Amino acid sequence: MGSTEILMLVSICIYLVGMLVIGIVYSKNQTSAAEFYLGGRRLGPLVTALSTEASDMSAWLLMGVPGLAFFCGIAEASWTAIGLIIGTYLNWLFVAKRLRRYSVKVGAITVPDFLARRFRDKSKVIETLGALMIIVFFVPYTASGFVACGKLFHGLMGFDYTTAMIVSAAVIVAYTSTGGFMAASITSLVQSLVMTATLVIVVVFGINAAGGWDQVAQNAKEIPGYLDMFTRTAIDGSGAKAYNPLDIAGTVAWALGYFGMPHILTHFMAASDEKKLSTSRRVGTVWVVISLATAVVIGIVGYGMAKAGAIEMFGSASAAETLIPAVAQLIAQNGAVFAIIAGVLLAGILAATMSTADAQLLAAASGVTHNLLTDVFGVKMSDKKTMFIARIAVICIAILGILFALDPESSIFKIVSFAWAGFGATFGPVMLFGLFWKRCNRFGAIAGMFGGAATVFVWKYAIAPLGGILGIYELLPAFVVSSLLIVVVSLLTPAPDAEITAEFDAVKAAK
């Protein structure tokens, strides 16, 4: 390992130590499960905004999206970004305030907990199903972050993929299990700033290395359909074809996933003041728009750099996910100061990974400890024991994620896509109907959650492979099925009792 690699590694290590210090500092305030999982509802507007969005924009923001745009052109990456921007804004606009208010009213600290209390589900089916689905979908989602870390250190410094992946996971687990939700939120705030710096530096340096923006545009125009929002193509010469309205609908359907993301929804629940969520919405949405647009541009610029011979020409979208690490390596060749800057870029990828993985680990751990052990099985534990079990749950779920991440050929974008659909269809419709439809009852909620989750698996593995109109992204049909089941089953079964409807009206009327 040369001096350049050492300087880059030192920058990264300083960053990782900083995250651990934050975890240690906030561990002193963890006295109960509510503090560990929700931070005592003490998040200010800026922390709420940026920690929420950083926990949303995982490694695929700095690896998946640029890689997709690099290899396949702007269509799929851009329509995905548009869907995410729409979903982000609507989630803040419609869900954030009412969920925060409603969760306080019923005393809920997790998403399954909220749904169970909202519908007075004494059977524990909602909480059990919700907790199980959180575990099922968060394990591969968390694994995608570990894959990103492994690819990063293997591709850039030649470290063994498995070792690098495990060490990165260990750091994430260390500060998450130590400091809980507040540590995860504060680190996510820092990580959002590092991610922003990474995007800006890569774009500026990349355009220069590619020979200027005019040259970048010229290279992109040479590939038929590369810059066309309605054409799917690839740089390997596989040919361009129409990106039709059905493709667009399936891609924009990513927006629907936001309403069911437990690690995002818990940030709404943790806000210190619902009146300040309007400020959080504006800050968070602007950050998302800028970040996603820049990530797509990086893919185009990256192709220009490859054409100019500055970096390698990647042979697949999965391989192109290492675009930013390749740019960082190129930057580091310009001297010690640039090597340190390159280390910051790599820390940005770690930031994107860690800010999502920590929130996911906490949400999954809450499903095991709070929802299953405490609420469903009725295990009585002191606050101290609850905290201990919660930390053990974080470690166990991380180990499962590591096992899923052992394959270095895993596509970050594809893993995230499936998990996103699972959460969106399981929790999205029931969250919206639970917050805005008084007639919705527990029978409809159960049917919608089960139907949505089941449809994701069936559509993904049995129906979508048939192709044609059936090849649409599984989230869209699963969301529709879940919504229909909620409405139909709720109307065919007894209406909620007076206590539930009065509570609904009180939350709706509060300002």
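Biologist: If buried means under 20% relative accessible area, exposed over 50% and partly exposed in between (1.4 Å probe, protein chains only), which of these is Thr-285?

Modeller: Thr-285 counts as buried because its relative accessible area is 12%. This is a predicted model, in which local features need pLDDT of at least 70 and side-chain atom pairs count only at pLDDT 80 or more, while totals for chains, interfaces and linings use all residues. Residues are numbered from 1 along each chain as its sequence is written, and side-chain values use heavy atoms, with hydrogens and water left out.

Biologist: OK, and where does Thr-285 lie, and what is Thr-285 in contact with?

Modeller: Thr-285 is part of helix H13, residues 277–307, where helices (H or I, at least four residues) and strands (E, at least two) are DSSP runs numbered from the N terminus. Setting aside neighbours within four places in sequence, Thr-285 is in contact with Thr-88, Tyr-89 and Trp-92, contact meaning heavy atoms within 4.5 Å.

Biologist: How do the axes of H9 and H13 cross?

Modeller: The axis of helix H9 (residues 213–221) comes within 9 Å of the H13 axis, and the two cross at roughly 90°. That makes H9 roughly perpendicular to H13. Here axes are lines fitted to C-alpha atoms, for helices over the stretch in contact, with angles running from 0 to 180 degrees between N-to-C directions, and angles under 35 degrees count as roughly parallel, over 145 as roughly antiparallel, 65 to 115 as roughly perpendicular and the rest as oblique.

Biologist: Which residues in H9 and H13 meet?

Modeller: From H9, Trp-213, Val-216, Asn-219 and Ala-220 meet Val-297, Ile-300, Val-301, Tyr-303, Gly-304 and Lys-307 in H13. The residues of this contact divide into seven nonpolar, two polar and one charged, with Ala, Val, Leu, Ile, Met, Phe, Trp, Tyr, Cys and Pro counted as nonpolar, Asp, Glu, Lys and Arg as charged, and the others, Gly among them, as polar.

Biologist: Switching to H5 and H6, at roughly what angle do their axes cross?

Modeller: The axes of helix H5 (residues 74–106) and helix H6 (residues 111–118) cross at roughly 70° and come within 10 Å. That makes H5 roughly perpendicular to H6. The contact is made by Leu-99, Tyr-102, Ser-103 and Val-106 of H5 together with Phe-114, Arg-117 and Arg-118 of H6, and by class it has four nonpolar, one polar and two charged residues.

Biologist: Why is H12 largely enclosed by the rest of the structure?

Modeller: Eight of the eight residues of helix H12 (residues 262–269) are buried, so H12 is largely enclosed by the rest of the structure.
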